[in-house]
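Got your viewer open and a selection tool ready? Let's take a short walk through this structure, one stop at a time.

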Amino acid sequence: MSASYSADYDVIAIGAGFAGISLSYHLREAGFNVKVFDRASDVGGTWAWNKYPGAATDSESYYYCLTFSKEVLQEWSWSKRYSGWEETQAYLKFVMDKFSLWPMFQLSTEVESAEFNNETGLWNVRTQGGETHTAKYFVSAMGMISQPVLPNIPGQDRFNGPIFHSSRWPEGLDVAGKRVGIIGAGATTVQMLPEVAKTAAQVTVFQRTPNFVLPAMQKDMTPEWEKEIKDNYDEIIAKARNHMFGMAFEQPPGRNAVDTPPEEVQRIFEEHWKGSFRWVFETFDDLLGSAEANQMASDFITAKIAEKVNDPELVKLLTPTGYPLFAKRPPLDHGYYEAFNRDNVKLVDIKDREPITEITETGIQTTESLYEFDIIVLATGFQAYTGALEAIDIRGSDGHTLREKWDDESKSIMGVYAAGYPNFFMITGPQAPFANLPTSIEQNVAYITDCIKKMESEGYDLFEPSQQAEDEWSEHTAEIHNQTLMAQGDKVHSWMMGANLEQRKPRVLVYFGGAHIYYDKLRESADAGFPELAFTKHAA
Ligand code: NAP
């Protein structure tokens, strides 16, 4: 390394999920000395925290994985179309074992602050235990959706039983025979409810906004299907790399719903109703671009609710209205709607009928009733993209934290660099695309590795992300965002716009120009020598 001051590590990263694991492998292979911290006691990232009953991937597992090793792709076997958290975590440990990555990881270690030191040109990373480590480069591998948002409902500490955020499910907590209250009706609850309802005495979901829930259609992996996947991995990887959401889906079918006769639209919708987000991308090209086409898709989905839920009153409550499909990220259904046909499941509309007023010693009080519970789950979502980065004091060259920088707008360069933060990288930071995360992570890691290699091979001490490049990327991202139906997310508290945070104004957090186009832009930047950065040879 060429820094004038010697550092403990070349690179310090936070986060031991897909991002930290992929990063550590690639940087170690490139000859760098890497340390990865994570506050969790195990590797897995999202899958070390989200252990609620039913937690599973919403991407199909065979492309929700790391692709750098052909051997791993052949050796690992997924048991289901969408694997549960246990299996995904076991897979990540398999990768850790296979490549002996463990020595780079320090778990159960919460990082409290990371400060760029202008004098040394190094990052000082301080843990809660009071240790300080230095590194030339600092990388956030903390995940896009990892910082929980707790509701501002009074009385939470008065409740007599367990009450916790869905991503903090207490180890060993069993819901059998218990009365469970779930606040929130997003992707987490959609997965959790059918599992919890199987054994709980009673489950009540407190819903503010209903979602467009697409079918998952879970199925077991068969030997034939596995063989087909393993024989075609190059093609699968290329499909994901070239897809607008990083998914190994077919290319857009080249037809618009608005130009197709209505009966044919229905026939195509029905034919593709086979589970996963494929339905949105493999039916018509205009579902996310045209309000009229989006309405057709929305109507089709909501008609399916009525086929699954027996009580017409419940159908009404579960039917989303007033916003387009994808203004909120649609969850995948593993028996969610059917769960409402059970005698032990209730839905409470806390938007129009009976808002929650407080949590008491025994349960949840609404304007109408007191609902008594043994367990309360706060499935109230996450501060996406920026939450984990703002929860730590990350201070750049002018001493400001990212939290301060992003108070008004959460700007970045391609979700990787932040102006004012030298030698700092984010993996899927704000204004990166929302996509199948392992695909984006691998593209980000390759890009970051190339940047560090350039720095070292050319003897640079510092890179400084350009303010102009950040302004340009943010303007470009906002321009695209404002042309999409996703820009209506602020009407319905969408985390994709940070509109689920009470104390902050909604903002542009996602690059919707297409993940594949974004990956091309990363490549172009690397090929052009990273024109977004100013490189210097002597630490200031
Ligand atoms: P979410 O989609 O943001 O849903 C949070 C829920 O809590 C919403 O129903 C929201 O209502 C409600 N809520 C928030 N604050 C509230 C309050 N103060 N009072 C009452 N209700 C409140 O969060 P999530 O379900 O945890 O999912 C977040 C994202 O994580 C997903 O979209 C997905 O990307 C990811 N996730 C992925 C998987 C997977 O891939 N397997 C599984 C789970 C989650 P409103 O809608 O009215 O705001």
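**Stop 1: helix H15**

Start by selecting H15, which is mostly covered, with 16 of its 21 residues buried. Keep in mind on the way that this is a predicted model. Helix H15 covers residues 437–457. From its first C-alpha to its last it reaches 30 Å, close to the 30 Å expected at 1.5 Å a residue. Now step past the helix to Gly459, which follows H15 and has a positive phi, near 75°.

**Stop 2: the nonpolar core**

Next, bring up the largest nonpolar core, a set of 143 residues. H15 gives the most to this core, with seven residues. To find your way around, colour Tyr91, Trp279, Tyr336, Tyr417 and Phe425, the residues with the most contacts inside the core.

Zoom in on Tyr417. Which residues does Tyr417 contact, leaving aside its neighbours within four places in sequence? Among them are Tyr447 and Cys451, along with Phe424, Phe425, Met426, Phe463, Pro465 and Phe530. Glu470 and Ser412 are also in contact with Tyr417.

**Stop 3**

Finally, move to the second largest pocket, with a volume of about 400 Å³. Select Tyr62, Trp225, Glu228, Lys239 and Arg278, which lie nearest its centre among the 18 lining residues. Helix H6 (223–231) and helix H7 (233–241) are the elements that give two or more residues to this lining. What is the lining of the second largest pocket made of? Colour by residue type, and you will find nine charged, seven nonpolar and two polar residues.

Definitions and conventions. Residues are numbered from 1 along each chain as its sequence is written. This is a predicted model: local features need pLDDT of at least 70, side-chain atom pairs count only at pLDDT 80 or more; totals for chains, interfaces and linings use all residues. Side-chain values use heavy atoms; hydrogens and water are left out. On a 1 Å grid over the protein atoms alone, a cavity is a set of points where a 1.4 Å probe fits but cannot get out, and a pocket is an open set with protein on both sides within 12 Å along at least five of seven lines; lining residues have an atom within 4 Å of a point. Grid points are joined across faces, edges and corners, and a volume is the space filled by probe spheres set on the points. Helices (H or I, at least four residues) and strands (E, at least two) are DSSP runs, numbered from the N terminus. Ala, Val, Leu, Ile, Met, Phe, Trp, Tyr, Cys and Pro count as nonpolar, Asp, Glu, Lys and Arg as charged, and the others, Gly among them, as polar. The expected span of a helix is 1.5 Å times one less than its number of residues. Buried means under 20% relative accessible area, exposed over 50%, partly exposed in between (1.4 Å probe, protein chains only). A nonpolar core is a set of buried Ala, Val, Leu, Ile, Met, Phe, Trp, Tyr and Cys residues joined through side-chain atoms within 4.5 Å. Contact means heavy atoms within 4.5 Å.
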